[in-house]
Amino acid sequence: TEPYMVSFLLDNSLGAWWVTNYPQYKGILPLEYLRYAPEKNNDEEDQENNKEYKETDIPATGMFESWPKNLSELKMLDPCCGSGHFLVATMLMLVPMRMKVEDLTADEAIEKVLAQNIHGLELDQRCVEIAAFNVALESWRYPNCSGYRPLPLLNVAWVGQPIKAKKEDWVSLAGNDDRLFQGMAKLYDTFKDAPVLGSLIDPTKTVGGDLFTSEYTELKPLLNEALHRFETDDNKEVAIAAKGIVKAISLLTRKYQIVLTNVPFKETKQLNNKLQEFIFKFYPKGKTNLATAFILRISKFLVNEGITALVSPHEWLYLKSYDLHRKELLEKMTWKGVIDLGEKAFESPQASGAFTALIILKNTLPTSNTYYSGINIAPLKTIVQKVIGLKGDDIIKVQQKGQLKNPDYRIG
């Protein structure tokens with residue numbers, strides 16, 4: 001993910017919350033990509049014809065009044081964390097925030113941010129290891145900290161961990177406790193395809209029942225105790241795998257104020273049959289692309305009025321095959337920002353041909369007076385030009401409900 005994309009999405013989510021709740025400390029962060037809403041106009045045409053463009057002092061993505069003001073309660077997740085780019089960038093914003101608000105040293109703030117604020121899930125084990133190292137490295141070299149030192153256990157989990165054991169060996173970890181036996185059986189059934197499904201797994205949907213809601217909260221310490229009690233040389237590998245999956249489930253079933261990620265770009269027809277079948281069953285309105293299935297999954301990670309800020313392919317905003325996905329999001333989510341980056345938004349030659357958008361959505365129902373902020377920098381041909389456009393091009397306010405009247409619900 002390009003650094004400018006990460007900065008724009010963070011500045012207009014976490015940064016917007018910061019300047020709203022702590023305006024007296026606004027200057028401690030650069031927030032060079034934070035955009036402010038233009039003066040309100042009745043419709044798009046009025047704005048385009050308005051000769052003088054002016055911005056207000058209200059962030060373009062909103063005020064985030066319902067988020068907790070206590071920084072210890074603010075939870076962020078990257079469900080496709082890769083090498084940890086969003087995790088590191090979020091940490092580097094939250095540490096100075098917590099130092100200032102809570103009067104902490106750098107070491108104290110880093111420890112609290114790692115333990116309380118940032119969370120990551122990743123399909124690939126090697127990427128999990130790289131992400132953890134990158135977060136640790138930034139923690140050790142942060143200005144005025146103590147350098148290399150022990151850090152809290154990171155909230156980063158390998159969600160693609162395979163279950164290599166036979167089911168009978170797996171459930172034997174429960175001993176003679178029938179309730180634990182049922183819990184371990186459900187864990188097995190849910191995660192047997194984890195190497196393919198990853199963060200798309202939503203235990204509350206794929207298993208059903210109460211195991212992964214209130215009951216799982218009660219069951220988790222019993223599972224951990226059982227894993228410790230019944231771990232022997234003969235089943236050590238099974239027990240270690242189970243502990244990792246319990247950690248992944250803990251992150252998969254939490255709710256977050258902010259979900260930031262670069263969703264995987266791949267049409268569903270290019271995926272293997274198992275993944276296709278899973279998407280068709282659990283995310284039918286997002287079935288055209290892995291990216292759109294992920295967007296629907298991400299919406300379930302959010303608290304009420306939580307924000308997701310995404311790097312996404314842009315074709316789902318207008319192609320006919322994504323019409324039901326657009327309708328679902330227009331009716332169920334409040335759109336806060338649509339930034340069309342167009343082609344050549346990535347430095348990498350492999351990704352430079354991808355047509356890309358930055359999307360910011362809020363987990364609350366829209367009203368008839370809901371407008372989102374739009375910036376079109378697709379015509380700009382270089383990353384340097386796109387960065388300048390993100391920082392300074394005029395914002396167009398677009399009525400969300402009006403998009404439902406467009407042919408195929410295409411996004412303007």
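1. Leu310 stands opposite Ile359 in S9, and this pairing belongs to a set of seven bridges by which S7 and S9 are joined, the two strands running antiparallel. Please keep in mind that the whole model is predicted.

2. How many of the residues of strand S9 (residues 356-362) are buried? Seven of the seven are, so the strand is largely enclosed by the rest of the structure. Thr356, Leu358, Ile360 and Lys362 point one way from S9, while Ala357, Ile359 and Leu361 point the other way, and the residues of both groups are buried.

3. Returning to Leu310, one finds that Thr261 stands opposite it in S7, and that strand S6 (residues 256-262) and strand S7 (residues 302-313) run parallel, with six bridges joining them. S6 is mostly covered, as seven of its seven residues are buried. S6 also pairs with strand S3 (residues 76-78), again in the parallel sense but over two bridges, and here Met76 stands opposite Ile258.

4. The next point concerns a helix. In H14 (residues 290-299), 10 of the 10 residues are buried, so this helix is largely enclosed by the rest of the structure; among them are Leu290, Phe294, Arg297 and Ser299. The N-terminal end of H14 is capped by Asn289, which has a side-chain oxygen 2.8 Å from the backbone nitrogen of Ala291.

5. A polar atom of its side chain lies 2.8 Å from the backbone oxygen of Gly286, and, leaving aside residues up to four places away in sequence, Thr292 touches Gly286, Trp316, Tyr322 and His325.

6. Pro150 and Trp140 are 10 residues apart in sequence, and their C-alpha atoms are 9.3 Å apart in space.

7. Side chains of opposite charge can pair when their charged atoms come close, and the count of salt bridges in this model comes to 17. In one of these, the side chains of Glu32 and Lys391 meet with an N to O distance of 2.9 Å. This pair links distant parts of the chain, for Glu32 is in the loop between helix H2 (14-21) and strand S1 (36-38), whereas Lys391 is in helix H16 (residues 383-392), 359 residues apart. Glu32 is partly exposed at 47%, and Lys391 is also partly exposed, at 35%.

8. Another salt bridge joins Lys327 and Glu331, at 2.9 Å from N to O, and both residues lie in helix H15 (residues 323-332), four residues apart, which is about one turn of the helix. Lys327 is partly exposed, with a relative accessible area of 25%, and Glu331 is partly exposed, with 33%. Elsewhere, salt bridges that share partners join Lys320, Asp323, Asp408 and Arg410 into one network.

Terms used:
Residues are numbered from 1 along each chain as its sequence is written. This is a predicted model: local features need pLDDT of at least 70, side-chain atom pairs count only at pLDDT 80 or more; totals for chains, interfaces and linings use all residues. Side-chain values use heavy atoms; hydrogens and water are left out. Buried means under 20% relative accessible area, exposed over 50%, partly exposed in between (1.4 Å probe, protein chains only). A polar contact is a pair of N or O atoms within 3.5 Å; within protein, one must be able to donate a hydrogen and the other to accept it, and residues adjacent in sequence count only if both atoms are side-chain atoms. Two strands pair if DSSP finds at least two bridges between them. Contact means heavy atoms within 4.5 Å. A salt bridge is a side-chain nitrogen of Lys or Arg within 4 Å of a carboxyl oxygen of Asp or Glu.
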